[in-house]
Every structure is written in structure tokens, then in C-alpha cells.
Amino acid sequence: MEIVLASASPRRRELLSLITEHFTVCPADADETLRDAPLGEEVTRLSRLKAEAVQAQHPNAVCIGSDTMVTIDGLRLGKPKDADEAASMLRRLRGRTHEVLTGLAVLTPDGGAHTLHTCTRVTFRDFAEDELAAYLATGEPLDKAGAYGIQGHGALLIKSIEGDYYSVMGLPVAPLYTILRDIHAV
């Protein structure tokens, strides 16, 4: 069965390769405008929109969509537009616990849809301004929700996590494997 990942993310590609090497990548062209709804519902909805956009091009494939959002104090932290916004996000997260929600949608050629979302609590340590400046200098924060990558230099900022590490990276690996196994795609 053909599997298509609806994402341009190298991290999601890397994580899917833990499950199977037999997939193709087709970045989704979907409207990612957020609605005024609970964030868990939103990341699941956006994941499904991405998978549907790709399934329109690959109707005989299993299509996988995913979306990740960071939230704290009721604010949604997406990818920062520049280093100043990244610094502001990281200062807000410093010394505190926030949530990372990741949605997953797996669509099958027969019209089946498997969706879910995970919620992982991440606690940052109280890092110093010079550590923040060093992290910003890596450039890593600019293409990550919440302005950090848990799998990269951002790991130096993290005190603890409660939940699924791979969901913080952007793809809940074990739940995805279970779905793909159950539909006989792997």
C-alpha cells in the first residue's frame, strides 16, 4: 500500500522512517487558519485538512497529515516570524510548563479516517539571557512551533517532559504505527 506524508518537515520524514522506509513526501497546500475552537480539535482538524489535500492528488494512497502547536497562558505559539518574536516566545516559556499538542490524521483510499491528538507537557528550566542568545544564534528557533526544537539545541532549555517526546518533535510515532499496522499499511 502506498503511503504519502503530507508534510515538508524533515523531522516528520525522519520519524515516519522509524516505521517504514516505503513512503513518499508531498507537502500539503491547505489553509492553516486557526478557528476559535479547542486547540486539540484544531490540530486534529488541520492534520486532516493536510491529509485531504494530499489525498486529492494521491487517491489510492494512505495519506498522513500532522500539525503541532505550542500553548501557554491561553496563547497559541506557532512558528516565530523573526528572531525577536522567537526570543519573546522563549522568554514566556522560560522556567514554566507549557503544552505541545500534535494532531494526526491517517486517511485510507476506501474513505477511512483515523484521527487523534496528543498533549505533552514540557517544562523549561530557568535559563539565562546569554543562553537564550546562544540558542537564537543557532537559527533553530525560526522554523519551529514555540520557537524551539526538542531534538536539537532546544533540548538544553528543557527541564522535563510529561508525555510523548515524538509528538513534541511533530509526529506521534507509536500511535501512527498502531494505525498503520491495523490497516495493514506496514
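A147 lies in the loop between helix 4 and strand 7, where helices (H or I, at least four residues) and strands (E, at least two) are DSSP runs numbered from the N terminus. The model is a predicted one, in which local features need pLDDT of at least 70 and side-chain atom pairs count only at pLDDT 80 or more, while totals for chains, interfaces and linings use all residues. Residues are numbered from 1 along each chain as its sequence is written, and side-chain values use heavy atoms, with hydrogens and water left out.

A147 has a positive phi of about 70°, although A147 is not a glycine. At 0% relative accessibility, A147 counts as buried, a term that stands for under 20% relative accessible area, with exposed meaning over 50% and partly exposed in between (1.4 Å probe, protein chains only). A positive phi, near 65°, is also found for H184, a residue other than glycine. H184 belongs to the segment after helix 6 (173-182) and is exposed, with a relative accessible area of 66%.

The loop between helix 4 and strand 7 also holds K144, which is buried, its relative accessible area being 10%. When residues up to four places away in sequence are not counted, K144 touches R11, G78, K79, P80, G149 and Q151, contact meaning heavy atoms within 4.5 Å.

Helix 3 (residues 83-93) and helix 4 (residues 129-137) pack at an angle of about 135°, with their axes 11 Å apart. Helix 3 is therefore oblique to helix 4. In this scheme, angles under 35 degrees count as roughly parallel, over 145 as roughly antiparallel, 65 to 115 as roughly perpendicular and the rest as oblique; the axes are lines fitted to C-alpha atoms, for helices over the stretch in contact, and angles run from 0 to 180 degrees between N-to-C directions. The crossing of helix 3 and helix 4 is right-handed, a term used if the near helix is turned clockwise from the far one by less than a right angle, whereas anticlockwise gives left-handed. On the side of helix 3 the contact is made by A83, A86, A87, L90 and R91, and on the side of helix 4 by E129, L132, Y135 and L136. These residues divide into 7 nonpolar, no polar and 2 charged, where Ala, Val, Leu, Ile, Met, Phe, Trp, Tyr, Cys and Pro count as nonpolar, Asp, Glu, Lys and Arg as charged, and the others, Gly among them, as polar.

Within helix 3, R91 is partly exposed, with a relative accessible area of 40%. R91 touches E129 and L132, residues up to four places away in sequence not being counted. R91 and F127 are 36 residues apart in sequence and 9.0 Å apart in space, C-alpha to C-alpha.

The structure holds 3 aromatic pairs, defined for rings of Phe, Tyr and Trp (its six-membered ring) whose centres lie within 6.5 Å, with planes under 30 degrees apart counted as stacked, over 60 as edge-to-face and the rest as tilted. One of them joins F124 and Y148 edge-to-face, at 4.8 Å centre to centre and 75° between the planes. This pair links distant parts of the chain, with F124 in strand 6 (residues 113-124) and Y148 in the loop between helix 4 and strand 7 (158-162), 24 residues apart. F124 is buried at a relative accessible area of 1%, and Y148 is buried at 4%. Y165 and Y166 also form an edge-to-face aromatic pair, 5.3 Å centre to centre with 85° between the planes. Y165 is partly exposed, with a relative accessible area of 30%, and Y166 is partly exposed at 35%. F124, F127 and Y148 form one aromatic cluster.
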